Amino acid sequence: MTTADVAQQSFTMGEVSPLIAARTEIETYGKGLKRLTNGFVLPQGSILRRGGTLYCEDSENQDLNKNVIVQEFVFNEEQKNLLEFGENYIRVLDSDGGIVLDSNNNEVIVTTTYSSEQIAQLRFLQSADVLFIFHHSKTRKLIRYEKAVWKLEDVEYVNGPFMPANTDESIKLALSGGSGLADDTKEIYLLSEVPFFSLKKIDTLIRFPFNIPAKRISLTSVGDSDSILCFGQWTFQTTGNWQGVVVLQRSYDGISFENIRIFESANDANLNTYGNEAELCILRLSVLGVTGTLRANISTNAESYPAILKIKKILLPEPSVEVICEFVNGILNIKDFINSPLIPNVDIIVPKMTSNVAPSGIVTSNSSSTDAWRFFSRDGNGDNIGFKFPGASPKWIKYTFVNPVNIRYCIWHRSPGYHPNDGIVWNSNILFTLSDGSTYTYSNYFQIYGEPIKFNCNADNVISMQVNWQTESSADLSQALFLDVYGLETQIDDTVWSSDFNEQAFSDEKGYPKLGDFAQDRLLVGNTPTQRNGTWLSKTGLYNDFGTSHTLSADDSLGLTIHNRKINEIYNLIASTAVLALTASTEFSLGGNNSVISPLNPPAIVPQNQNGSMDIPAVIADKRIIFVKKDGHLQDIAYDFLQEGFDGNDLSIFASHIFSGRTVKDIAWQKYPNDMLWVLFADGQISVLTYIPNQQILAWTNFKTAGFVESICVLPNGHEDCVFAVTQRDGRRMIEKFLNPNIDDDVKDGVFVDCAGVYSNPGAQISGLERFNNKEVSVLSDGNVEGGIVSNGVYPLKHAGAKVIAGLPFETEIETLNLAAFQISKLRGKVFNIFVDFYRSRGVKVGMNWDRLEELPELTDELGQPIKLFTGFRKYSPPSVNSYFKSVKIKQDYPLPLCVTGITARLDGEN
């Protein structure tokens, strides 16, 4: 007979896979567990029961078929919020999950356009009081102005970025304009040879070569010369016999000029010099106090300037071949346009009128009034055709054009200064009749103020136009309506058609980045619907500016496209010691470790490993990055100086059974108090990894709760990180907070039930428990355990207490591997005693079979007081010593704490 003690004093591998059951030779076996449920491993190696969850609020959205998620918002140590995202709303909660009220005592809720499906696809990035929200449909930012003032705004990406150059030779664009000084409108036409523009292109940028012709201007007397547009080299010359001062001036806006060269002549000397302009500008000469005969000349060469245009208006029908644009960069002389309908002081084909008479053409109507036609003008130039509609409705008026014209569009709206209650026009329409007898009818086009409605009949042979209207009443609509008719502008002779243009990479048509991060004071974004392997970095310090200078500088933006032989859709962009792009097939570093990002020296794109990533946000745990691999398991990655690259480990290799047949939905990192990685599965349950790799602690556990967890996030709060969750329990959706257990808490204070409420002096019963109707709750009243069924939201207390905690019970279960097999491989042990080393625990059951567990006895020291928490060894003697040892099993199903620091089995062996 041989007696031996076999012990396990560390549990730093947590629950391990059954596949390790025979691997008694590896160190992992001696630190692992067969089962660990609703407990977790501390950094010191002990097992601590998880805390319960605290009920915070009901969710704003109780439709369980719609997605709801929670997201942290941390402005500073004092100002933190929990955000609840649901379909078409964002609700602002405080750092404890409570409701935030505005000055009118209303909940702070921000209206959005996010659908339920989009909610589950959102990615987030915070900078101070701005939360960037990424989605393919739009990039937005949620801004916190003060505690109860929040606003959601679209992010406007300026000056780019742009897609690769157009390669479709069938698509050619042209600017219908000239060059020079811009006026206030900056509106021009961009034309296409084929239908190309759509409403989704509105506000999209187009980079297009703007041809600047060679030009020369001269000045011979005191004053300022005309302006000349310049991009590139200019040449300055003087001739004649003169004395005085000539100044060369430059402007970037056409309004403010600065002196860039000052030339003086006291000896009748002439000049011949040159310079270069890296940005588009306007040059002019200014002569001061000259005597003698002077001719000062400045000339420029023909250049092609990569102008950036923003599409502002689409000319119907769609898809259109014409849009109205404005210059984002570049300078334009509106006066060089011919017949431009939106610009004042230009001729239109319909003759101008100077009196209230019909223009040349035949005007007929069914109005008995001789004043059926009446002219009135907005700008005094007489470029409007107006109608007076006296008498009862319906009415019509017809104008036949003397000369066939191209009709661009017409505008209906009320004349300024007239009250909208003068009458409402119903069933109004415009009928165009062409010379070949064909017709176009536009019906129900009428608008009171607001943006004009435009029509385009695409006709070269319009003969007549008839306007019909039906009023709601017989009110006199005198001068209440007007119609503008314009002819198609004539393109200037030097219009150049080109297929060499670039569309903006981010737009309503092309989509927007899926994700982002901050890298070296730049906004790093990536993955659009049209460039899923594309990444872009903003200008330094300007997070929405993706422009580049014509002379490239170090702080300009840059774009990087990841090319490889495999699928490279980017699922994560992380700026750590280097920028990492985790794609569907490979992990890439964008530049070396701690390398500077600059377009002057673009970073190399280097493949690291081929694990592949899933479309789930990665987390940073200290200096290591943790992500979900394409096989659904967890992987970490960090820079290895010896390998001069990034490498890592499969974090679930010893607990692969936890991931078998399950899909990871989200992960979250909780640094304090215990370095834990939370993994939410699609089945609504959670597994947690105590992750301290430098101490070789990789301990998995399962957190099980009576319900379904939809979303989790970690919100720092004081000296700990709090995990919040969206849960579903019995058809009700709630916001709950997982509590971090404090092993030094008094027995009265620990919360070890789920969806808990904490009540001070509730009296003989607890009310407001409708969320537990017809359910059994577990209750701790001043440290005394009780429980029962809730009816009509009320639970009657058996022991009234000053502090009462009530919630749904959960069980913590611990099961060891076969310790004897590990420590004495040749010993077949029969168990005499089991010793469990506890720290501040109570109400624990121990045994060798789950159906024959024995509660360890405990007594109170003071009559009427709750049993105190126990620290030390407890001995358990199995009822029969004839059973061979397999494993020790421990269960806690009371709302009480449990901490196990070691387990020892005393065996009587047969050798």
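Start by selecting Ser116: its side chain reaches the backbone nitrogen of Asn67 at 2.8 Å, a polar contact (a pair of N or O atoms within 3.5 Å; within protein, one must be able to donate a hydrogen and the other to accept it, and residues adjacent in sequence count only if both atoms are side-chain atoms). The model is predicted: local features need pLDDT of at least 70, side-chain atom pairs count only at pLDDT 80 or more, and totals for chains, interfaces and linings use all residues. Residues are numbered from 1 along each chain as its sequence is written, and side-chain values use heavy atoms, leaving out hydrogens and water.

Stay with Ser116, which sits in helix H2 (residues 116–119); helices (H or I, at least four residues) and strands (E, at least two) are DSSP runs, numbered from the N terminus. Is Ser116 buried or exposed? Ser116 counts as buried because its relative accessibility is 9%, with buried meaning under 20% relative accessible area (1.4 Å probe, protein chains only).

Next, select strand S3 (residues 32–37), which runs parallel to strand S2 (residues 14–15) and is joined to S2 by two bridges; strands pair if DSSP finds at least two bridges between them. Look for Glu15, whose bridge partner in S3 is Leu33. S3 also pairs with strand S61 (residues 812–816), antiparallel, over four bridges. There, Arg35 has Glu815 as its bridge partner.

Finally, move to the open antiparallel sheet of four strands, in the order S40-S41-S42-S43. S40 (570–575) and S43 (605–609) each have a single partner strand, so one side of each lacks a neighbour in the sheet. Within it, find Phe588, whose bridge partner in S43 is Pro607.

Methods. Buried means under 20% relative accessible area, exposed over 50%, partly exposed in between (1.4 Å probe, protein chains only).
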